[in-house]
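Trainee: Could we go through this model together, setting each value against the cut-off behind it?
Mentor: Gladly; here it is.

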Amino acid sequence: MSFREEHELHKRRFSRNLGVALVLVSFIVIVFGLTVVKVTRGDYEPENASIQRDQ
């Protein structure tokens, strides 16, 4: 019961999928980081907050 050697196409597909996964993860990390920084600096103000404050 031996396993066959992995085909070259699967190796290329795996490396491409790994590259796409790394790009997606890095994009998510950048967006999350920017969100955290914006919220902690106090730049984030929901649209409804100004309406409620004016009343």
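Trainee: Why is His 7 called partly exposed?
Mentor: Buried means under 20% relative accessible area, exposed over 50%, and partly exposed in between, with a 1.4 Å probe and protein chains only. His 7 has a relative accessible area of 49%, so the label is partly exposed. His 7 is found in the segment before H1. Before we go on: this is a predicted model, where local features need pLDDT of at least 70 and side-chain atom pairs count only at pLDDT 80 or more, while totals for chains, interfaces and linings use all residues. Residues are numbered from 1 along each chain as its sequence is written, and side-chain values use heavy atoms, with hydrogens and water left out.

Trainee: What makes the pair of His 7 and Leu 9 a polar contact?
Mentor: A polar contact is a pair of N or O atoms within 3.5 Å; within protein, one must be able to donate a hydrogen and the other to accept it, and residues adjacent in sequence count only if both atoms are side-chain atoms. Here a polar atom of the His 7 side chain lies 3.0 Å from the backbone nitrogen of Leu 9. In the case of Thr 35, a polar side-chain atom lies 2.8 Å from the backbone oxygen of Val 31. Thr 35 sits in helix H1 and is partly exposed at 43%.

Trainee: How do you know that Arg 12 and Glu 8 form a salt bridge?
Mentor: The term asks for a side-chain nitrogen of Lys or Arg within 4 Å of a carboxyl oxygen of Asp or Glu. For Arg 12 and Glu 8, the closest N and O atoms are 2.9 Å apart. The structure holds 1 salt bridge. Arg 12 and Glu 8 are 4 residues apart in helix H1, so about one helical turn separates them. Arg 12 is partly exposed at 45%, and Glu 8 likewise counts as partly exposed, at 44%.

Trainee: How do you know that the span of H1 agrees with its 34 residues?
Mentor: Helices (H or I, at least four residues) are DSSP runs, numbered from the N terminus. The expected span is 1.5 Å times one less than the number of residues. For H1 that gives 50 Å, and the end C-alpha atoms are 50 Å apart, so the two agree. Just after H1, Gly 42 takes a positive phi of about 85 degrees.

Trainee: What makes Phe 14, Leu 18 and Leu 22 a nonpolar patch?
Mentor: Patch residues have over 30% relative accessible area and no salt bridge; nonpolar side chains (Val, Leu, Ile, Met, Phe, Trp, Tyr) are joined within 5 Å, like charges within 9 Å. Leu 18, one of the three, has a relative accessible area of 44%, so it passes the area cut-off. Together the patch has about 330 Å² of accessible area, by the Shrake-Rupley method with a 1.4 Å probe, where for residues only the protein chains shown count as cover.

Note on methods
Helix = DSSP H or I, 4+ residues; strand = E, 2+ residues; numbered from the N terminus.
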